[in-house]
Amino acid sequence: MPGLNMADIEKMSARDAFGSALVAAGEKNPNLVLLGADAIGSTRAAAFADRFPERTFNFGIAEQEMVSAAAGFALCGKVPIATAYGFLISLRACEQVRDDICYQNLNVKLMSTHAGLSMAAGGTTHHSTEDVAIMRSFANMTIVAPSDALETVKAVQAVIDYNGPVYLRMGRGSLESVYSSEFVFEVGKSIQLRDGGDVTLIAYGIMVAEALKAAESLALEGIEARVINMHTIKPLDEAAVLKAANDTGCIVTAEEHNIIGGLGEAVAGCTSAAVPVPVLRVGINDIFCGIGPEDGLRAKLGLTAADITAAAKKAVALKR
Amino acid sequence: MEKLNAEELGCKANEIRLDAMVMGKQAGGGHLGGGLSSMDIMTALYFNVMNIDPAKPDMPDRDRFILSAGHKAVGYVPVLAEAGFFSKDLLSTFNKLDSPFGMHPDMHKIPGCEASTGSLGHGLPIGVGMALALRMDKNPARIFVLLGDGETHEGTVWEAAMGAAQHKLDNLTAIIDYNKCSMDGPIDEVVSLEPINDKWASFGWNVIRVDGHNMSELLDAFAKAAGQKGPTVIIADTLKAKGMPFAEGDYLWHYGCPSDEQIEETRIYLEEK
């Protein structure tokens with residue numbers, strides 16, 4: 001990654017890593033253009049805007065126009081990166097994403113920040129807890145959600161190099177480091193972070209770090225958990241899911257998203273057709289989440305390592 | 001393409017009106033009201049104004065046309081066929097299984113079609129993106145976006161109107177097919193657009209008002225728009241279902257299926273013109 005080294009990236013929040021990765025990508029590809037909706041600063045895309053002002057377009061608080069205009073840029077040979085908070089891209093501009101980006105199957109990168117509950121005190125209007133469900137239901141769409149700053153840098157470059165519509169889902173603040181050494185990031189290819197034979201924990205985004213912690217505490221009780229970072233939620237890495245089902249006999253999914261329409265349903269849909277094993281879903285149980293600090297909200301809603309640990313024990317008990 | 005003059009354009013538009021009616025009949029119905037009210041506008045663009053070559057639909061400096069009011073495909077598709085983008089023989093497949101076209105146009109299936117449209121309020125912001133991208137590349141192409149009048153009820157039209165003015169898009173021209181009808185009735189009884197000229201002017205657009213069935217006025221308007229600073233809107237006063245003598249101005253002909261007798265009546269009516 002030109003101009004970026006691992007030590008620097010590890011100290012960054014995912015958003016800052018995002019900004020740095022955008023600049024690096026912009027140096028490589030002169031057709032890259034950045035579109036914002038009066039949040040270029042808070043999404044940290046400003047680093048690109050500062051470096052390439054002639055390739056930056058601010059649409060004001062008009063996310064629907066921005067997404068349609070991104071289609072127009074792509075139709076004229078540019079690679080547009082449209083940035084906004086997750087709920088605004090997935091909900092406010094939902095139909096523009098479906099009709100203008102996915103139906104026309106254009107090479108547009110929708111890069112969302114403030115995923116899940118990361119706008120915690122912003123409350124329900126600012127939470128993005130349905131976006132994966134919405135984006136999964138659109139044909140032609142690819143969904144990627146990195147788990148830490150280093151993976152964010154790699155994911156940004158990978159989705160820019162990938163041809164077709166992509167929804168990149170990023171958090172707001174600092175993420176715990178999941179990776180401590182170099183690794184290969186490939187869209188659609190999950191990454192196994194730990195092996196185990198008793199249960200598989202599959203997560204994306206902020207929940208990957210929680211899954212790793214859960215695996216450690218399960219090990220203390222003699223339960224060996226495989227941990228898979230499913231950074232690409234669509235298309236799902238079905239081979240990895242089915243192998244996990246065969247090898248470990250049960251699965252727990254974890255996501256900072258409504259359990260309806262998320263990774264859990266994708267995994268269960270995959271296994272039920274080929275290797276039916278227990279699949280327990282850790283996520284938001286179809287409620288609006290209210291206001292609070294991030295950690296407090298996640299604990300209240302059952303999105304911690306302890307919740308994954310408890311689900312894993314249940315899953316193991318359900319095995320025949 | 002050879003450019004037709006105003007008189008020839010009028011004849012051409014009426015020929016295509018009949019193609020659209022026959023196609024709509026074969027399809028079991030179509031949005032003939034808007035397809036025919038905008039026929040003179042589309043004919044002027046494709047047979048005089050736009051720099052296009054149907055033999056080279058991907059020509060980089062071609063002018064772009066976006067049918068933002070996608071339901072007018074029943075008028076648009078026969079225009080593209082007449083211009084030579086594909087065979088007129090295909091028109092009889094309209095709305096049929098595996099046809100390249102139907103009620104709303106799909107850019108991946110229709111040669112010459114620049115954007116897939118249907119849901120209203122998408123074409124103008126797509127045009128804004130195109131205009132910005134082409135300007136970055138110093139491409140001289142112009143972008144024309146045809147909007148229905150009722151379509152401008154959609155908020156995204158006004159988001160794009162603000163954006164186009166902010167970015168001073170000289171290369172963007174919107175045309176409003178102001179036939180004064182939307183699906184539920186006369187537009188003034190649904191939600192009025194008035195004062196329509198002032199609304200667009202206050203958003204920073206050059207406004208040209210024309211009779212949308214007068215080819216000379218349309219050609220003059222497109223020529224004038226080319227020399228303006230900033231985006232231009234041509235507000236074209238039209239008649240719903242223009243050309244079908246039994247339906248002109250009738251909002252109930254937003255969607256319909258003409259009988260063989262009505263097609264014949266229209267043929268005689270248009271030949272007398």
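**Entry: the salt bridge between the chains**

I began with A:K78 and B:D137, whose side chains meet in a salt bridge at 2.6 Å, N to O. I keep in mind that this is a predicted model, and that a side-chain nitrogen of Lys or Arg within 4 Å of a carboxyl oxygen of Asp or Glu is what qualifies as a salt bridge, so the 2.6 Å of A:K78 and B:D137 falls inside that limit. I then looked up the count between chain A and chain B, and it is one salt bridge.

**Entry: the rest of the interface of chain A and chain B**

I next asked how many residues each chain brings to the contact, and found 25 from chain A and 25 from chain B. The area buried between the two chains comes to about 2000 Å², and carbon and sulfur atoms give 61% of that area. For polar contact across this interface I noted eight residue pairs, both partners being at pLDDT 80 or more.

**Entry: the two domains of chain A**

I turned to the domain assignment of chain A, which gives domain 1 as 6-169 and domain 2 as 191-318. In the contact between them, 28 residues come from domain 1 of chain A and 30 residues from domain 2 of chain A. I looked up the distance between their centres as well, taken over C-alpha atoms, and it is 26 Å.

The two domains of chain A bury about 2100 Å² between them, with 56% of it on carbon and sulfur atoms.

**Entry: cavities**

The largest cavity has a volume of about 80 Å³. Which residues lie nearest its centre? I wrote down B:I52, B:D63, B:F85, B:G112 and B:E114, from a lining of 13 residues. By class, I recorded the lining of the largest cavity as six nonpolar, one polar and six charged residues.

Key: Residues are numbered from 1 along each chain as its sequence is written. Chains are lettered from A and ligands numbered from 1 in the order in which they are written. This is a predicted model: local features need pLDDT of at least 70, side-chain atom pairs count only at pLDDT 80 or more; totals for chains, interfaces and linings use all residues. Side-chain values use heavy atoms; hydrogens and water are left out. On a 1 Å grid over the protein atoms alone, a cavity is a set of points where a 1.4 Å probe fits but cannot get out, and a pocket is an open set with protein on both sides within 12 Å along at least five of seven lines; lining residues have an atom within 4 Å of a point. Grid points are joined across faces, edges and corners, and a volume is the space filled by probe spheres set on the points. Ala, Val, Leu, Ile, Met, Phe, Trp, Tyr, Cys and Pro count as nonpolar, Asp, Glu, Lys and Arg as charged, and the others, Gly among them, as polar. Domain bounds come from an automatic or database domain assignment. Contact means heavy atoms within 4.5 Å. Buried area is the accessible area (1.4 Å probe) that two parts lose on being put together, summed over both. A polar contact is a pair of N or O atoms within 3.5 Å; within protein, one must be able to donate a hydrogen and the other to accept it, and residues adjacent in sequence count only if both atoms are side-chain atoms.
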